[in-house]
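Hello,

Here is the structure you were expecting. Please read the notes below with it open.

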Amino acid sequence: KSFVCMPIKTSKDIFGDLTISSKTNDRIYSQEDVEVLTPLLSNAAFTYENLRLIKENEQSALYVKSIEKIFKILNSSFRDSELIHAVLNEVQSVIQFDLSILMTNSDCKPGYIRIFDMLVKGPSNIAKGSSYSYKNSVIEKVFKQESTLIVDDVTSFNNDVDRKLFKENGCRSCLLAPLKSDGVVTGVLVLGRKDRGVFNGVQDLVNWIANGLSLAIERNRLSADVVKRNQELDTVQQIGSALASSTFDISKVLKYTMDMIREVINVEAGSLLFLENDELEIAVAFNTRIKSMKKFRLKIGQGIAGYVAARGKSIIVNDTEKSPHFFPIIDDVSGFKTRSALCVPMISQGKVIGVIEVMNKIDGDFDRDDKDLLQSIATSVCIALENARLYKETVSMAEHERDIRHMFQKFVPK
């Protein structure tokens with residue numbers, strides 16, 4: 001029936017209260033009781049504040065130590081998945097998560113994001129290299145806001161990619177931090193957890209880690225681009241050298257060229273088709289049943305190759321099921337399943353004389369670099385074919401001239 005209630009507070013915050021009550025009328029609390037309790041509560045608040053500061057200092061020291069380790073990893077000789085997994089394993093030592101995904105923009109599919117790498121506890125329904133549309137998803141919010149987003153309850157997620165990444169992997173909370181390059185969001189670092197409320201207070205640390213990973217990914221990309229470009233230049237030089245000596249047996253050199261294309265672009269199949277009488281015919285191919293396709297003709301405008309031959313322009317199709325130019329009958333005849341294709345024209349003296357088409361890139365989608373490389377090779381092939389034609393004409397003219405001389409020599413007196 002009588003009680004006293006007093007706040008427990010530090011110099012900054014009130015973090016609790018103390019209530020003392022009596023059920024009988026013979027005990028009435030007074031100001032003297034309050035004055036007795038005040039120093040006791042002050043000591044309790046002081047102790048609480050000290051414990052909190054000690055815990056924060058320990059946590060900060062742990063974060064600093066983790067940042068130092070991550071910094072060393074980022075500047076080590078590790079590359080690609082080895083580097084990413086080393087960083088994520090270190091992150092897991094200070095931030096407990098069940099799912100970690102590094103996702104980057106898809107260069108060839110605007111509005112799509114690709115799984116660059118991942119670290120998941122147990123089995124998962126997602127795989128490295130998979131692409132997803134992020135329209136109307138929580139990932140799109142991160143791209144628009146350009147800031148870290150923490151979601152403590154993912155049960156309200158209805159978007160397909162959100163459900164696939166989080167709900168179907170048993171996560172109840174998640175943290176998404178943007179990956180930036182030159183101030184532009186190029187991807188997202190995703191952390192998922194089967195518990196709730198575990199990502200509060202780690203936002204600054206995750207932002208630093210995301211920035212470090214962004215730099216590492218960009219560095220690896222530039223390094224890989226240099227290596228790839230050197231390989232492409234070597235390939236173009238080898239093909240150019242082979243084509244320069246192709247005067248006598250152009251068919252063997254064309255086969256060699258297609259084999260080199262398969263290696264440098266890393267595709268499952270490819271073919272070189274010549275245009276004759278408004279129809280395309282396969283001259284050389286790899287991983288395609290060429291015998292069954294030998295009698296098959298593509299009309300101008302028919303299929304991806306026919307479309308390129310008609311327009312004289314290259315085309316990239318990374319999803320044949322969505323392309324109006326795809327001609328499925330070709331797969332029926334060849335027995336090959338085409339999922340993606342890159343096709344470039346062969347142009348000589350301003351006219352399309354054929355096309356080179358490659359199918360199903362093994363390690364991702366076809367991009368502009370693949371198109372430029374294949375177009376460069378196609379140009380070299382056209383020059384070699386023209387040189388071979390001119391050489392044959394020259395040889396033919398020389399033989400004709402020799403025959404005429406021999407004929408006239410019969411009538412010249414000795």
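Predicted model: local features only at pLDDT ≥ 70, side-chain atom pairs only at ≥ 80, totals over all residues.

Numbering starts from 1 along each chain as its sequence is written, and side-chain values use heavy atoms, with hydrogens and water left out.

Helices (H or I, at least four residues) and strands (E, at least two) are DSSP runs, numbered from the N terminus.

Helix α1 covers residues 31-74. Its 44 residues should span 64 Å at 1.5 Å a residue, and the end C-alpha atoms are 62 Å apart, which agrees. The expected span is 1.5 Å times one less than the number of residues. Buried residues (under 20% relative accessible area, 1.4 Å probe, protein chains only) in α1 include D33, L37, L41, A45 and E49.

Two strands pair if DSSP finds at least two bridges between them. Strand β4 (residues 112-120) and β5 are joined by three bridges. I113 has Y132 in β5 as its bridge partner.

The other open sheet also has six strands, ordered β11-β10-β9-β14-β13-β12, with antiparallel pairing. Its edge strands are β11 (298-299) and β12 (315-317). Three bridges link β12 to β13 (residues 341-348), in the antiparallel sense. V317 stands opposite A341 in β13.

Best wishes

Technical notes: Buried < 20%, exposed > 50% of the residue type's maximum accessible area, 1.4 Å probe, protein only.
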